[in-house]
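Subject: Structure for your files

Hello,

Please find the structure below, followed by notes on what was found in it.

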Amino acid sequence: MRKGTILFHPSFEFANGEIGRKYLIILNSPDIKKIEPFLFCKTTSQLQNKPQTPGCHAEKNLYCIDAKFDFFPKKTWVQFFEMFEVNYDEFIKQHFELGVEVKGELRTETISAIINCIKKSDDVSAYHLSLLK
């Protein structure tokens, strides 16, 4: 597993307690020897008040990927106002118990652009930034 990997989580638990299907993107390639966690964020194809221009929208904690540009069939927004950590053992457990699947991988240019966009946000913690290297 490395940065840019796209995961499908069939029973992702949202902050409000609801459960739903969700695509996630791994943002780092953790050093397992240092026991670093995987850092990932959610994606959405729901338009609701989101910028339509592809690319970085750091002030809104979003990165817009055009439809069919890189993996996603619909216009998709990478949401980094909320990031999640999971250690390797927990990831393996979720893979087998909850059916989390690897679905694809973003182009190197795309994941690099997303990470650069995240670094421009005022809302990302120093710790999460350190995991992005």
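Is Asp66 buried, partly exposed or exposed? Asp66 is partly exposed, at a relative accessible area of 32% (buried means under 20% relative accessible area, exposed over 50%, partly exposed in between, with a 1.4 Å probe and protein chains only).

Before the rest, some notes on the basis. This is a predicted model, in which local features need pLDDT of at least 70 and side-chain atom pairs count only at pLDDT 80 or more, while totals for chains, interfaces and linings use all residues. Residues are numbered from 1 along each chain as its sequence is written, and side-chain values use heavy atoms, with hydrogens and water left out.

Salt bridges

There are five salt bridges in the structure (a side-chain nitrogen of Lys or Arg within 4 Å of a carboxyl oxygen of Asp or Glu). Asp66 takes part in one of them, with Lys75, at 3.6 Å from N to O.

Another joins Glu105 to Arg2, at 2.6 Å from N to O. Glu105 lies in strand β7 (residues 101-105) and Arg2 in the segment before β1 (5-13), so this pair ties together parts that are 103 residues apart in sequence. Helices (H or I, at least four residues) and strands (E, at least two) are DSSP runs, numbered from the N terminus. Glu105 is partly exposed at 39% relative accessibility, and Arg2 is partly exposed at 48%.

Lys103 and Glu101 also form a salt bridge, their closest N and O atoms being 3.5 Å apart. Lys103 is partly exposed at 38%, as is Glu101 at 36%.

Largest pocket

The largest pocket has a volume of about 250 Å³. On a 1 Å grid over the protein atoms alone, a pocket is an open set of points where a 1.4 Å probe fits, with protein on both sides within 12 Å along at least five of seven lines; lining residues have an atom within 4 Å of a point. The lining includes Phe8, Arg21, Tyr23, Thr44 and Phe72. Strand β2 (19-26) and strand β3 (38-44) each supply at least two lining residues, and β2 gives the most, with three.

Leu24

Leu24 is in strand β2 and is buried, at 2% relative accessibility. Its contacts (heavy atoms within 4.5 Å), not counting residues up to four places away in sequence, include Ile6, Leu7, Phe12 and Phe40. Leu24 and Val78 are 54 residues apart in sequence, with their C-alpha atoms 8.6 Å apart in space.

Regards

Key. Points joined across faces, edges and corners; volume = space filled by probe spheres on them.
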